[in-house]
Amino acid sequence: MSRAPHDAGEAPAAAEPALAIDWAALDRAALAVRERAHAPYSGYWVGAAILVRSGRVFAGCNVENASYGLTICAERSAIVQMVAAGERDPVAITVATSGPVLGSPCGMCRQTLAEFAVDLPIRLIAAGGGAPPRHTSLSALLPEAFGAAALSR
Ligand code: THU
């Protein structure tokens, strides 16, 4: 049976070497920042940790408000930290949610992540144990994302 070139175990040509993703370190950062969540209304604590191309990690938690609609999710909180630090090139994210059931980034967070990486590898972990971690990607969760290209005039 013939095999396609990409089945032969060859690494694709890349402009720069791929950064190894230390998922265990990202999980630790997401779980640690989750402890700082401000979620008195939902009781649902979330932490997110983003690895960027330079190797730095940015973490964010959800911050709720008595005016419920002002809540910011953990993923957007982490993105804000990343941009404020002058970084714009995320390569992976872990999201740690409450309880034994895996969560998944909300639509608003998916769109916010897509601003900086349309095919970001995503790892979902349940802080309460139970469900095993799940790996997915932003392109799977948000295909055909709206992006800057659509705004070209
Ligand atoms: N939340 C996140 O921080 N990230 C998600 O991916 C889903 C939801 C937060 C928002 C709110 O504070 C709480 O979880 C319940 O929706």
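Helices (H or I, at least four residues) and strands (E, at least two) are DSSP runs, numbered from the N terminus. With that in hand, the protein reads α-β-β-α-β-α-β-β-α along its sequence, which comes to four helices and five strands. Please keep in mind that this is a predicted model, where local features need pLDDT of at least 70, side-chain atom pairs count only at pLDDT 80 or more, and totals for chains, interfaces and linings use all residues. Residues are numbered from 1 along each chain as its sequence is written, and side-chain values use heavy atoms, with hydrogens and water left out.

**The sheet**

- Five strands make an open sheet with mixed pairing, in the order S2-S1-S3-S4-S5; two strands pair if DSSP finds at least two bridges between them.
- The edges belong to S2 and strand S5 (134-137), each with a single partner strand, so one side of each has no neighbour in the sheet.
- On average, neighbouring strands of this sheet are turned by 20 degrees against each other, direction ignored.
- Strand S4 (residues 121-126) and S5 run antiparallel and are joined by four bridges.
- Proline 121 stands opposite serine 137 in S5.

**Helices on the sheet**

- H1 lies across S1, S2, strand S3 (90-97), S4 and S5, and runs at about 50 degrees to S3. Axes here are lines fitted to C-alpha atoms, for helices over the stretch in contact, and angles run from 0 to 180 degrees between N-to-C directions.
- H2 also packs on the sheet, where it touches S1, S2 and S3; the direction of H2 makes about 140 degrees with that of S2.

**The aromatic pair**

- The structure holds one aromatic pair, a term for rings of Phe, Tyr and Trp (its six-membered ring) with centres within 6.5 Å; planes under 30 degrees apart count as stacked, over 60 as edge-to-face and the rest as tilted.
- The ring centres of tyrosine 41 and tyrosine 68 are 5.5 Å apart and the planes stand at 45 degrees, so this pair is tilted.
- This pair links distant parts of the chain, 27 residues apart: tyrosine 41 is in the loop between helix H1 (23-34) and strand S1 (47-52), and tyrosine 68 in the loop between strand S2 (57-61) and helix H2 (74-84).
- Tyrosine 41 is partly exposed at 42% relative accessibility, while tyrosine 68 is exposed at 59%. Buried means under 20% relative accessible area, exposed over 50%, and partly exposed in between (1.4 Å probe, protein chains only).

**Whole-chain numbers**

- Of the 153 residues in the protein, 35% are buried.
- Among contacts (heavy atoms within 4.5 Å) with a separation of 6 or more, 63% come from residues 24 or more positions apart.
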